[in-house]
Amino acid sequence: MPSKKARAFLVVIDSVGCGGAPDADQFFNDGVPDTGANTLGHVAAACAEGRAEEGRSGLLHMPNLDGLGLGAAIRMASGARAEGLDALPEGLWGAAQEVSPGKDTPTGHWELSGLPVPWNWNYFTDKTNSFPPDIIVEVCRLAGTDGILGNEHASGTEIIQRLGEEHQKTGWPICYTSADSVFQIAAHEESFGLERLLSLCEALAPMLHERKIGRVIARPFVGTPGAYTRTTNRHDYAIEPPGPTLLDWVFDADRPTYTIGKIRDIFAGRGATHVLKGPDRDLMGYLSQCVETAEDGALTFANFVEFDSLYGHRRDISGYARHLEWFDASVAPILAALRPDDLMIFTADHGNDPSWTGTDHTRERVPILAKGPYSGQVGLRVFADVGASVAAHLGLSERGAGESFL
């Protein structure tokens, strides 16, 4: 029986897939199927071959997560050995595959939380002139402008450098999308106004949600021409989950929930009693703080996004490897500080193989690694089993679509 003092920590290492998805041939990057994509496996291979030497060197070094079973999880998921990750597992370990028809952020997180997505997302597939005229008209009406800039697929960091000066001169918002089901609006925090940008995105979101576009994302930036930088005041306006999730189950049981990173946004605020945001290095501090101070029975749910946003989409293998090694070293004291009744699970929401073609996520299985009062192999699971297992550890009756592996 779970202890009344049991706490749970669900940590999503955004995009850290481990290959092997059986339906990868149905998902694409620039027309190329995702068959064979393996984020962790290919990063480890690049490190072993000397192709990831910028800011680091040698084999991929992740002794803490590998000790829980990372290398074993990669082998289970894809059949591939990840060089440098050969430890004998001492934690609870396995791998999971997604059943929902998507490889995006909300789909992965909702399913991890017990709720497979019951629909297909819509996307803006045209690389230029991406948005229908009625959406552009509505953006202009809400923003009080005569037009928009962008209207294309773009990198968020690149487009603000290219169009930021024109944006500041005209006041027109910069609108862009990607291979994800998103509509993103970038605007200068000072000349356009942060609150104005957030209000614009919030007012526009219902129109996009009706069309099953998953998120409207506010992308504020600051600076001057040639030196614009995005700020940490990003806000995602996501479709509400169509049913209860792990956060709802914990909240409805009158337990506290600590959402770290963009978790609150992904779940449209549902079930989030404490919200902690910032860059990944700040988030690691928040995770440590929650291990130290979170109440008995609490859920801490974290997402570390920079693997995906800074390195995966940009196909930066060295950067991805550096961030993996930083993460692994940083969690060592956190793992050591866990209480005997605590459960900390590390997993991912999809892949984003930085060695792959294109710039989109990759369809992959993901690792399941856990430190707590359990150990051993849990086998190949589905995403929803993660949420069911967290719920079981916390002594909750709800399980969603999954089955506990504890």
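This briefing walks through the sheet, the helices, the cores and a few single residues of the structure above.

The model is predicted, so to speak of local features takes pLDDT of at least 70 and side-chain atom pairs count only at pLDDT 80 or more, while totals for chains, interfaces and linings use all residues. Residues are numbered from 1 along each chain as its sequence is written, and side-chain values use heavy atoms, with hydrogens and water left out. Helices (H or I, at least four residues) and strands (E, at least two) are DSSP runs, numbered from the N terminus.

- Eight strands make an open, mixed sheet, in the order 12-11-13-1-14-15-4-16; two strands pair if DSSP finds at least two bridges between them.
- Strand 12 and strand 16 (376-382) sit at the edges with a single partner strand each, so one side of each has no neighbour in the sheet.
- From one strand to the next, the twist averages 15°; angles run from 0 to 180 degrees between N-to-C directions, and axes are lines fitted to C-alpha atoms, for helices over the stretch in contact.
- Strand 1 (residues 8-13) and strand 13 (residues 299-304) run parallel, joined by six bridges, and Ala8 stands opposite Leu299 in strand 13.
- Helix 3 packs on the sheet, where it touches strand 4, strand 15 and strand 16, and its direction makes about 35° with that of strand 4.

**Helices**

- In helix 3 (residues 70-78), the buried residues include Leu70, Gly71 and Ile74; buried means under 20% relative accessible area, exposed over 50%, and partly exposed in between (1.4 Å probe, protein chains only).
- The cover over the buried residues of helix 3 includes helix 1, helix 2 (63-68), strand 4 (92-97) and strand 15 (366-371), with contact meaning heavy atoms within 4.5 Å.
- Helix 4 is mostly covered, with eight of its eight residues buried, among them His109, Trp110 and Glu111; Gly114 follows helix 4 and has a positive phi near 100°.
- Helix 1 (residues 39-48) and helix 12 have axes that come within 10 Å and cross at roughly 105°.
- That makes helix 1 and helix 12 roughly perpendicular to each other (under 35 degrees is roughly parallel, over 145 roughly antiparallel, 65 to 115 roughly perpendicular, and the rest oblique).
- Where these two helices meet, Thr39, Leu40, Val43, Ala46 and Cys47 of helix 1 face Ile317, Tyr320, Ala321 and Leu324 of helix 12.

**Cores**

- The largest nonpolar core has 85 residues, and Leu65, Phe327, Met344 and Phe346 touch the most other members; such a core is a set of buried Ala, Val, Leu, Ile, Met, Phe, Trp, Tyr and Cys residues joined through side-chain atoms within 4.5 Å.
- Helix 12 (residues 317-337) gives the most to this core, with nine residues.
- Another core, of 25 residues, lies apart from it and includes Ile185, Met207, Ile213 and Ala218.
- Leaving out residues up to four places away in sequence, Met344 has contacts that include Phe9, Val11, Leu287 and Lys371.

**Single residues**

- His235 lies in strand 10 (residues 235-238) and is buried, at a relative accessible area of 17%.
- Among the residues His235 touches, not counting those up to four places away in sequence, are Arg264, Asp265 and Lys277.
- Asn129, in the loop between helix 4 (105-112) and helix 5 (133-143), has a positive phi near 45° though not a glycine, and is exposed at 59% relative accessible area.
- Ala268, in the loop between helix 9 (263-266) and strand 12 (274-276), also isn't glycine but has a positive phi, near 55°; Ala268 is partly exposed, at 25%.
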